Amino acid sequence: MIEFRNVSKVYNNGTEALHNINLKVEKGEFVFIVGSSGAGKSTFLKLITCEERPNEGQVLIDGQDISHIRKGKIPYVRRKMGLVFQDFRLIDHMTVYDNVAFAMRVVGASPKAIKKRVPYILGLVGLQHKAKHYPTEMSGGERQRVGLARALVNNPSMIIADEPTGNIDPALSYEIVDLLSAINERGTTVLMVTHEHSLVKHFHKRIIQIHSGEIVADTAAISKEQQA
Ligand code: ADP
Ligand code: ADP
């Protein structure tokens, strides 16, 4: 589903953010990306979302090389991805319902489809009773659940989350990762950048550790049987 082949990224100012990255993430995996600040984690995600292009190597999404993709084709690649941000990026003057519905309107969904899908997705993240609330009236954990609902509503095959729990109380961070895990168990691939050691330890997922632009560790997930 996601493959990096000898990928390097050098920014215009000469900073080499990633050096010769090789990796594969299969459909249905849940992967934590860890590493200190400046390690290259965001750059790694940006190469997947086509916000940046590699200087060398290839990035493949479902077998398609996106490293030289034409700008006009990028929206089609992005539709496979639900993006979740550390700072939520909700529209504060829109209700929870409309924040999620808007993501469907943008891709041309019919009013009928929106009316059916949005309540279902809000139910999935446990926010059906908050549909008419505004983001500014909600806790960080709730806002991020709206962010998750928005990311999911167009049924992406992967969720790309950059520090999604970075602005949330530690206790509520577990709820967000629990939700991501549940989504993952339904077949959606999840890539999540995090700084939180305790979360990574708790969830037993695959862990890719980046240091100075290189993958220095890639630890397989621990299955439920192995944990028991
Ligand atoms: P992380 O997400 O792990 O903190 P980044 O991918 O943001 O790391 O950054 C990796 C390196 O690339 C850092 O040295 C950072 O300063 C540099 N960098 C990131 N974005 C840019 C940019 N747009 N221009 C120049 N250098 C950048
Ligand atoms: P501790 O020193 O707290 O015992 P370890 O170094 O044993 O933690 O790492 C625990 C797990 O977290 C390992 O599987 C490791 O790959 C992962 N990990 C390593 N670096 C980080 C990081 N910067 N952030 C989150 N998890 C990390």
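In the side chain of lysine 201, an N or O atom sits 2.9 Å from an oxygen atom of ligand 2. Histidine 197 has a polar side-chain atom 3.2 Å from an oxygen atom of ligand 2. A polar contact here is a pair of N or O atoms within 3.5 Å; within protein, one must be able to donate a hydrogen and the other to accept it, and residues adjacent in sequence count only if both atoms are side-chain atoms.

Before going on, the ground rules. This is a predicted model, where local features need pLDDT of at least 70 and side-chain atom pairs count only at pLDDT 80 or more, while totals for chains, interfaces and linings use all residues. Residues are numbered from 1 along each chain as written, chains are lettered from A and ligands numbered from 1 in the order written, and side-chain values use heavy atoms, without hydrogens or water.

Which residues are around ligand 2? They are Val34, Gly35, His195, His197, Val200, Lys201, Ile207 and Gln209, with a heavy atom within 4 Å as the cut-off. Of the 560 Å² of accessible area that ligand 2 has on its own, the protein covers 56% (Shrake-Rupley method, 1.4 Å probe). Helix α7 (197–203) gives the most to this shell, three residues.

Now serine 181, which is in helix α6 (residues 170–185). Is serine 181 buried or exposed? Serine 181 counts as buried because its relative accessibility is 8%, and buried means under 20% (1.4 Å probe, protein chains only). Leaving out residues up to four places away in sequence, serine 181 touches Phe30, Phe203 and Lys205, contact being heavy atoms within 4.5 Å.

Notes. Helices (H or I, at least four residues) and strands (E, at least two) are DSSP runs, numbered from the N terminus. Buried means under 20% relative accessible area, exposed over 50%, partly exposed in between (1.4 Å probe, protein chains only).
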